[in-house]
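Please read these notes with the model open beside you.

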Amino acid sequence: VNIFNYSDFSATPNLKLVHNAQVIDKKMRLTAATESQKGSIWYTKDPLQVDKGFSTEFSFLISSPGGVGDGADGFALIIHNSHQDLEKGIEGGGMGYDGIPNCIAIE
């Protein structure tokens, strides 16, 4: 059984911050409310076995809307078994996972 818990993001072991993602005040921020932003966070440790089911719990905050038009396209929780360069997922309407094979996303 794989169990991991991040009560805050003062340290980010086994997480890879990609593009504009950053830690601010012990919280993870995917993107700022500006034009042409994209960000992602990937768990990079050993693959988790999800074929027998799993549970996850997290909270999020959407604040400071802005950027182009009405703001961002959204965000997604992605489960995958791809070994490709995950920084190349297509942003915008692709939600950062378009182009990543063998994945399922919850938007």
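This is a predicted model: local features need pLDDT of at least 70, side-chain atom pairs count only at pLDDT 80 or more; totals for chains, interfaces and linings use all residues.

1. Residues are numbered from 1 along each chain as its sequence is written, and side-chain values use heavy atoms, with hydrogens and water left out.

2. Val23 sits in strand 2 (residues 22-24); strands are DSSP runs of E, at least two residues, numbered from the N terminus. Val23 is partly exposed at 35% relative accessible area (buried is under 20%, exposed over 50%, partly exposed in between, with a 1.4 Å probe and protein chains only). Leaving aside residues up to four places away in sequence, Val23 touches Phe9, Thr12, Leu17 and Met28 (contact means heavy atoms within 4.5 Å).

3. There are two aromatic pairs (ring centres of Phe, Tyr or the six-membered ring of Trp within 6.5 Å; planes under 30 degrees apart are stacked, over 60 edge-to-face, the rest tilted). Tyr6 and Phe9 are stacked, 5.7 Å centre to centre with 20° between the planes. Phe60 and Phe75 are edge-to-face, at 4.8 Å and 70°. Both Phe60 and Phe75 lie in the loop between strand 4 and strand 5, so the pair ties together parts 15 residues apart in sequence. Phe60 is exposed, at 56%, whereas Phe75 is partly exposed, at 29%.

4. Val50 is in the loop between strand 4 (39-43) and strand 5 (77-80). The relative accessible area of Val50 is 33%, so Val50 is partly exposed.

Definitions and conventions:
Helices (H or I, at least four residues) and strands (E, at least two) are DSSP runs, numbered from the N terminus.
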